[in-house]
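Biologist: Please show me the model, and let us then discuss its chains and how they meet.

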Amino acid sequence: MFGIKQLFKPIESLETDDVKKFVENHPEGSYTLLDVRQPGEYEGEHLPGSKLIPLPELIDRKHEIDPEKPVLVY
Amino acid sequence: MLTGAGFENVINVNGGIKAWQGTKAAGPVELNMDIIRGDESSQEILTLGVWFEKGLQKFYRQTSDQTDEPTLKSLLTHLAGIEDRHIKTLFDLLKTVDPSINDRPLFEAGIKPKMMEGGYDIDLFMKENASYLKTPEGVLDLAMMLETQALDLYLRFAEKSTHSQTKEMLYKIADEEKSHLASLGRIREGKSERL
């Protein structure tokens, strides 16, 4: 059972330049780039290698993301 | 939503993709995913990688053959030469998973690619992008697009792969693609090795 405080815990934000540095400096497979938009938006453009899980599906599909690795969400 | 569900390290990308200044991939999740089954061995995946790189090298050489413009020809020859180094990297990785494969010319003799990086058909791609292949800037923009799509495809392959060793190999190949992209970016900005 989750506490309300946990559900609304603020998360870290990074500017895109810092995200770019993060991606450049971390080996592939050590983090997840997560795209929570709709499939049509992903198809138009997406960050290379990002995993698509539209936001309404996230709770049911969170098992597809490794919780041990950093998750960068857009 | 994730932080309340056991994810301790969640980072929001401020501004989202609209604020992103780097290269972006395009296409649906399933684009070119029919190229693999998902249960390939590391050896099969590395061999596929060599085919893709040979395909891109062929693309650069064919394009070079179709131009008389010296700067463009020089650039395309240079890019084809860079692909040779990429092929060597993949071949060296292949030798680590199968030491019986140690003759590169023999291995490459049987490779006659119709497809290249990103999973594109070489001849079709040349026809559809002919207008970009008339200037060095156009060629470099196209090259960066191809490497971006290749990076994206390898990571989608890794997601699909059911073998952990193959997954790790795909991550290594993706890291190589990242460095290819960086190198092309430097050439594009005029900051790299002379052509």
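Biologist: What percentage of the 74 residues of chain A count as buried?

Modeller: This is a predicted model, in which local features need pLDDT of at least 70 and side-chain atom pairs count only at pLDDT 80 or more, while totals for chains, interfaces and linings use all residues. Residues are numbered from 1 along each chain as its sequence is written, with chains lettered from A and ligands numbered from 1 in the order in which they are written. A residue is buried if 20 or more other C-beta atoms, placed from the backbone, lie within 10 Å of its own. Of the 74 residues of chain A, the buried share is 24%.

Biologist: Which element of chain A has the lowest mean pLDDT?

Modeller: pLDDT is the predictor's confidence in each residue, from 0 to 100. Chain A has a mean of 90, and 86% of its residues reach 70 or more. Among its elements, β3(A) has the highest mean, 98, and the lowest, 54, belongs to α1(A).

Biologist: In what order do the elements of chain A run from the N terminus?

Modeller: Helices (H or I, at least four residues) and strands (E, at least two) are DSSP runs, numbered from the N terminus. Chain A has four helices and four strands. From the N terminus on, the order is α-β-α-β-α-β-α-β.

Biologist: Which strands of chain A stand at the edges of the sheet?

Modeller: Two strands pair if DSSP finds at least two bridges between them. The open sheet has five strands in the order β1(A)-β1(B)-β4(A)-β2(A)-β3(A), with parallel pairing. Two strands of chain A each have a single partner strand, so one side of each is left without a neighbour in the sheet: β1 (12–15) and β3 (51–52).

Biologist: Which residue of β1(B) is the bridge partner of A:Val73?

Modeller: β1(B) pairs with β1(A) in the parallel sense over four bridges, and there A:Glu12 has B:Ile11 as its bridge partner. Strand β4 (residues 71–73) of chain A also runs parallel to β1 (residues 10–14) of chain B, joined by three bridges. The bridge partner of A:Val73 in β1(B) is B:Asn12.

Biologist: How many residues of the side of chain A that touches chain B are nonpolar?

Modeller: Two residues are in contact if their C-beta atoms, placed from the backbone, lie within 7 Å; the contact takes 35 residues from chain A and 37 residues from chain B. Nonpolar residues are Ala, Val, Leu, Ile, Met, Phe, Trp, Tyr, Cys and Pro, charged ones are Asp, Glu, Lys and Arg, and the others, Gly among them, are polar. On the side of chain A that touches chain B, seven are polar, nine are charged and the nonpolar residues number 19.

Technical notes:
Buried ≥ 20, exposed ≤ 12 C-beta atoms within 10 Å, placed from the backbone.
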